[in-house]
Amino acid sequence: MKEEVKEALESIGLSEKEMRVYTSLLELGDSPVNKITERSELIRVTVYPVLKTLIEKGFVSKYSMDRKSYFKAINPEQILDMIKEKENKIKLALPSLKTMINKIETKTSVELFKGSKGISSFFEKI
């Protein structure tokens, strides 16, 4: 896998195994688990949970044909649409998030007491 591809997919939150499965599906096209397992060089029991996670994240879809499950990677251009959608959600929530800043006012103060007068002032404050 090219370094630029790896960095890009890491930046959007994909793990090493998720990247391997996603890129394998891009190369293979619609495929059953056994082909994904071969191409990604991961074991079958690892591929199933990774596929489930990729489906939840929206990078892979699943369908059945002839009583067999097939998986399909989304077009990489759709990743940009997913990012823009997330950006829009954050922009909508930003005003509410900003109101949370410093909502609980905790004032911290520091006083410096020097010398014998400082000690007597300290005891007076106590």
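Contact here means heavy atoms within 4.5 Å. Helices (H or I, at least four residues) and strands (E, at least two) are DSSP runs, numbered from the N terminus. This is a predicted model, in which local features need pLDDT of at least 70 and side-chain atom pairs count only at pLDDT 80 or more, while totals for chains, interfaces and linings use all residues. Residues are numbered from 1 along each chain as its sequence is written, and side-chain values use heavy atoms, with hydrogens and water left out.

Helix 3 spans residues 33–40, and Val33, Ile36, Thr37 and Ser40 in it are buried (under 20% relative accessible area, with exposed over 50% and partly exposed in between; 1.4 Å probe, protein chains only). Seen down the axis of helix 3, these buried residues fall within an arc of 100°, so they line one face of the helix; the arc is that of the directions from the helix axis to the C-beta atoms. They pack against helix 2 (16–28), helix 4 (44–57) and strand 2 (68–73). Just after helix 3, glutamate 41 has a positive phi of about 60°.

Aromatic rings are considered next. Rings of Phe, Tyr and Trp (its six-membered ring) pair if their centres lie within 6.5 Å, and planes under 30 degrees apart count as stacked, over 60 as edge-to-face and the rest as tilted. By this rule there are 2 aromatic pairs. Tyrosine 22 and phenylalanine 59 have ring centres 5.8 Å apart and planes at 80°, so this pair is edge-to-face. Because tyrosine 22 lies in helix 2 and phenylalanine 59 in the loop between helix 4 and strand 1 (60–65), the pair ties together parts that are 37 residues apart in sequence. Tyrosine 63 and tyrosine 70 form a stacked pair, 5.7 Å centre to centre with 15° between the planes.
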